[in-house]
Amino acid sequence: MRVLLAGATGVIGRELLPLLRREKHHVTALVRRPDSDLEADAVVAADLLDAPGLTAAVAAAKPEVVVHQVTALRPVSGDTRWEVFERTAHVRRVGTANLVDAARKAGARRIVAQSIAFATTPEGGPLLDENAPLYVDAPDAMWSMTVRAVADLEATVLGAEDIAPIVLRYGSLYGQYTQYDASGAIGQAVRLGRLPLVGDGCGLTSFVQVRDAALAAALAVGHTASGVFNIVDNEPTPAHSWLPGYAELLGAPEPKRIPLELGERLLGWYGAYQQTGQRGADNAKARAELGWRPTVSCWRDGVCEVVR
Ligand SMILES: NC(=O)c1ccc[n+]([C@@H]2O[C@H](COP(=O)([O-])OP(=O)(O)OC[C@H]3O[C@@H](n4cnc5c(N)ncnc54)[C@H](OP(=O)(O)O)[C@@H]3O)[C@@H](O)[C@H]2O)c1
């Protein structure tokens, strides 16, 4: 099939591109800088925020399937966290609407988009499925802005019923070039003893190895299923387990325990919430309806590979 991959230069895009080509798809990479060193069948250049340029680029690719792996989460130097999240919310909302519109105009018959599995309201659980409400009213301005943009992204994609939409909600990505890479933001903080364990540490994180996330997207391209799917590993893990375990694998000092109030001050609301209140995500639907299975069942096995 002819596939257009938006976000081809990203953490997931770089894993996904060769997987799609191995499946004999003809892959056009949509990039912002045409000099990217990608081994794609074709390259087109456009910014998701430039609707006319994007429409022309997508039309030139003549895609049957459009894959959306764009976020603006990678900080540009000098950015505050608020700026990074605000820019990402804008791309999720406006960029996604532009991409869906361009896909439809180009005659695509399927769209695969990435979302996140940890945006659910922390009620019930410990594991939440795809029907759990999103935390749009989270008590933190940055997180509620993020979740509202995620909700808009999903509504925009799923509203394109004529082009068989599928939304993959990834868990916390780890692996090469992610923030849990030994040299990534979280890896560095743990190595330097700067990521403390907050409160009871009972908040759950559902991880997914970046390659498993890409495998899910490759599977979704050729599948007929529509709707929302959690793409997470089999072992959601409380912070009091993964954080000291990760520190040990890195040969880092054991994380200090601090109370919740101090955690919120040091790590921000989300950093403390992830460790104390966040629920895990259930991957049963992806297993049953997509036939996807994580090749790495538990974060510990996968993280071992990136810290070696
Ligand atoms: N994805 C998630 O849900 C998530 C969640 C939490 C943390 N993280 C962390 O964030 C880091 C980044 O991961 P990521 O895979 O999400 O992002 P990424 O690796 O930065 O990839 C984002 C992709 O989107 C493209 N892009 C950004 N803005 C665009 C625009 N306006 N128009 C067209 N393309 C645009 C980028 O292209 P350029 O090469 O042109 O910039 C890049 O190809 C990792 O460390 C990851 O662990 C990710």
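Keep in mind that the model is predicted. The largest nonpolar core has 35 residues, and another core, apart from that one, has 27.

**The largest core**

- Leu 168, Ile 231 and Leu 290 are the residues with the most contacts inside the 35-residue core.
- Strands that give two or more residues to this core include β1 (2-6), β2 (26-31), β4 (65-68), β7 (165-170) and β12 (227-231).
- On the helix side, α1 (11-22), α6 (210-221) and α9 (284-290) each give two or more residues as well.
- The largest share comes from α6, which puts in eight residues.
- Setting aside neighbours within four places in sequence, Ile 231 touches both Leu 168 and Leu 290.
- The rest of the contact list for Ile 231 runs through Arg 169, Tyr 170, Gly 171, Val 208, Asp 212, Ala 213, Ala 216, Ala 286 and Trp 292.

**The other core**

**How α2 and α3 pack**

- The axes of helix α2 (residues 51-61) and helix α3 (residues 81-105) come within 9 Å and cross at roughly 40°.
- That crossing of α2 and α3 is right-handed.
- By type, the contact residues split into six nonpolar, two polar and one charged.

- Cys 202 is in no disulfide, and the nearest cysteine sulfur, that of Cys 298, is 17 Å away.
- With a relative accessible area of 43%, Cys 202 is partly exposed.
- Cys 298, on the other hand, is buried, at a relative accessible area of 12%.

**Thr 120, a buried loop residue**

- Thr 120 sits in the loop between β5 (110-116) and β6 (127-128).
- Thr 120 counts as buried because its relative accessibility is 7%, and buried means under 20%.
- Not counting residues up to four places away in sequence, Thr 120 touches Leu 128, Ala 132, Pro 133, Leu 134, Tyr 135, Arg 169 and Tyr 273.
- One of those partners, Arg 169, is also in contact with Ile 231.

Methods
Residues numbered from 1 in each chain as written. Predicted model: local features only at pLDDT ≥ 70, side-chain atom pairs only at ≥ 80, totals over all residues. Heavy atoms only, no water. Axes fitted to C-alpha atoms, helices over the stretch in contact; angles between N-to-C directions. Helix = DSSP H or I, 4+ residues; strand = E, 2+ residues; numbered from the N terminus. Left-handed = near helix turned anticlockwise from the far one by under 90°. Nonpolar A, V, L, I, M, F, W, Y, C, P; charged D, E, K, R; others polar. Core = buried A, V, L, I, M, F, W, Y, C linked by side-chain atoms within 4.5 Å. Buried < 20%, exposed > 50% of the residue type's maximum accessible area, 1.4 Å probe, protein only. Contact = heavy atoms within 4.5 Å. Disulfide = S-S within 2.5 Å.
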